[in-house]
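Subject: Structure for you to look at

Hello,

Here is the structure I said I would pass on.

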Amino acid sequence: MSAVPVDEPQVTPRRVAAFMVMVFGMFMAILDIQIVSASLPEIQAGLGASSDEISWVQTAYLIAEVIMIPLSGLLGRMMSTRYLFAASAAGFTAASFLCATSSSINEMILWRALQGFLGGGMIPSVFAAAFTVFPPSKRNVVSPMIGLVATLAPTVGPTVGGYLSHAMSWHWLFLVNVPAGILVTIGVLTLVDFDKPDWSLFDRFDWLGLGALACFLGAMEYVLEEGPSNDWFDDRAVAILFVVMVVGGVTTFWRAFTRTDPVVDFSAFANTNFAVGSIFSFVMGIGLYGMTYLYPLYLSSIRGYDSLMIGETVFVSGLAMFFTAPLAGALASRIDLRVMLIFGFLCFGLSSWMLTGMTADWDFQELLVPQILRGMSLMICMVPINNLALGTLPPAKMKGASGLYNLTRNLGGAVGLAIINTVLTDRGALHAERLREALNWANPEALRQLALMEANLDAQGLNGSKAALAQMAGRVTEQATVMSFVDVFVLLTAVFVGLAVMALLMKPPPKGVKAPAH
């Protein structure tokens with residue numbers, strides 16, 4: 001019988017309570033990415049913003065968060081988990097209150113950016129704590145918990161936001177964070193004692209590296225967010241920020257590989273499991289954020305649903321995740337994690353493939369099974385990806401690696417949304433052109449449909465011939481949009497089936513063996 005290592009972390013009630021408080025803080029931070037997505041029209045009306053300005057309520061949060069996530073590794077070592085998490089939670093709470101009291105769109109964008117930046121400090125800390133505070137034998141309990149929060153929060157965000165803005169007002173999207181944030185801050189200061197701060201790191205802090213990282217990730221997020229709707233490099237701001245991104249990226253990597261205490265430590269990528277796990281995390285980001293974006297977009301643009309109806313329809317995925325989390329934890333301790341991964345990826349691919357039969361009449365019933373499959377497969381994938389990517393790293397690398405690992409998921413979401421929006425725009429225009437070519441005066445079915453529309457509209461006392469042509473044009477646009485959605489689902493199916501094959505490259509972490517300390 002093998003001896004238990006002396007440095008095996010002990011699980012105490014205090015540590016469990018501290019971890020639960022941190023998990024709740026992470027849930028708030030991830031939920032707030034998507035909580036405004038279904039309620040942007042209400043915020044736009046409340047602040048008198050233009051349609052171009054209102055999208056920045058979402059974009060500002062994402063840009064700021066994506067800068068903070070990799071930076072949190074160094075800050076965690078410098079400040080300790082306790083002080084970093086408490087400062088992040090307190091600042092996030094204050095920024096939430098300021099968002100609720102904003103009187104102009106510019107104020108809202110500023111406070112949302114601050115909220116995103118501080119919220120980004122909480123997310124990697126939880127992943128790092130899960131793999132350093134708990135022994136490997138407890139990971140199959142802890143990993144489903146953080147996996148559930150990381151996937152459930154963005155999925156139920158539109159639902160929670162829709163209910164809050166309908167039942168009360170859009171201000172409550174932010175005010176709801178205030179009491180919870182205060183409790184998290186007090187809880188972390190009282191309970192967390194995982195590590196000690198190392199303030200000497202501040203003296204060697206790489207300010208140039210921080211500036212380069214902010215330019216690199218901030219510009220990348222902007223280019224990916226705004227590029228698809230602005231014809232990419234035809235837009236001057238996108239072109240300029242692409243150059244900023246390249247220069248910032250080169251400088252970030254140069255500083256990372258030439259300094260002893262860089263802002264971002266890339267050395268974790270030398271671990272094959274972490275590198276492959278990060279690729280999986282990136283693609284999971286595409287699937288997670290892509291589908292969370294596509295379902296509401298279809299329901300609002302094709303079915304005409306409002307935010308509350310959309311929330312009620314997409315809530316199914318969240319329920320499926322919630323009930324699958326304990327099952328995923330139990331499976332992870334009994335079967336090869338690679339088998340779980342392959343099964344999860346294939347189920348996600350199947351859920352995308354089922355949507356390729358979509359028509360403009362699809363409703364809750366038709367979307368039910370694909371949504372359940374998507375929710376289940378996300379949880380079944382997330383647990384083994386977390387365990388395989390972070391389970392074989394030494395504790396000294398964990399904080400920096402956790403930031404990079406979470407960054408890959410967010411960047412996957414940003415890249416995925418950019419690709420999805422580009423495909424929807426380009427393929428939608430192509431399908432519309434092809435349909436218009438087919439709808440000519442020599443097409444008997446088109447003429448028959450037009451005559452039926454004319455007769456129906458004439459009976460309503462309208463100018464039948466003009467209105468029928470407008471109605472036909474509307475049908476063409478709607479059909480072209482649905483066909484472009486189908487193209488995206490085919491693409492996602494191919495990506496996830498390809499990932500199932502790639503899962504064979506992973507090596508399972510050895511059972512009961514602790515990662516080396518160096």
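This is a predicted model: local features need pLDDT of at least 70, side-chain atom pairs count only at pLDDT 80 or more; totals for chains, interfaces and linings use all residues.

Salt bridges

The structure contains 3 salt bridges. One of them joins the side chains of Asp-32 and Arg-112, at 3.8 Å from N to O. Asp-32 belongs to helix α1 (residues 13-34) and Arg-112 to helix α5 (residues 105-119), so this pair ties together parts that are 80 residues apart in sequence. Asp-32 is buried, because its relative accessible area is 0% and buried means under 20%. Arg-112 also has 0% relative accessibility and counts as buried.

Another salt bridge is formed by the side chains of Arg-303 and Asp-363, at 2.8 Å from N to O. This pair links distant parts of the chain, 60 residues apart. Arg-303 sits in the loop between α13 (272-301) and α14 (307-332), and Asp-363 in the loop between α15 (337-354) and α16. Arg-303 is partly exposed at 28% relative accessibility, and Asp-363 is partly exposed as well, with a relative accessible area of 24%.

Arg-427 and Asp-487 also form a salt bridge, and their closest N and O atoms are 2.8 Å apart. Arg-427 lies in helix α17 (residues 395-438) and Asp-487 in helix α19 (residues 464-502), so the pair ties together parts that are 60 residues apart in sequence. Arg-427 counts as partly exposed, at 31% relative accessibility.

Cysteines

How many disulfides does the structure hold? The number is 0. As for individual cysteines, Cys-99 is buried at 0% relative accessibility, whereas Cys-215 is partly exposed with a relative accessible area of 36%.

Helix α16

Helix α16 covers residues 364-390, which is 27 residues. From its first C-alpha to its last it reaches 38 Å, close to the 39 Å expected at 1.5 Å a residue. Is α16 mostly covered or mostly uncovered? It is mostly covered, with 20 of its 27 residues buried.

Tyr-163

Tyr-163 is found in helix α7 (residues 139-167). Its relative accessible area is 40%, so Tyr-163 is partly exposed. Leaving aside neighbours within four places in sequence, Tyr-163 is in contact with Leu-308 and Glu-312. The C-alpha atoms of Tyr-163 and Ser-39 are separated by 9.4 Å, and these two residues are 124 residues apart along the chain.

Regards

Methods. Residues are numbered from 1 along each chain as its sequence is written. Side-chain values use heavy atoms; hydrogens and water are left out. A disulfide is a pair of cysteine sulfur atoms within 2.5 Å. Buried means under 20% relative accessible area, exposed over 50%, partly exposed in between (1.4 Å probe, protein chains only). Helices (H or I, at least four residues) and strands (E, at least two) are DSSP runs, numbered from the N terminus. The expected span of a helix is 1.5 Å times one less than its number of residues. Contact means heavy atoms within 4.5 Å. A salt bridge is a side-chain nitrogen of Lys or Arg within 4 Å of a carboxyl oxygen of Asp or Glu.
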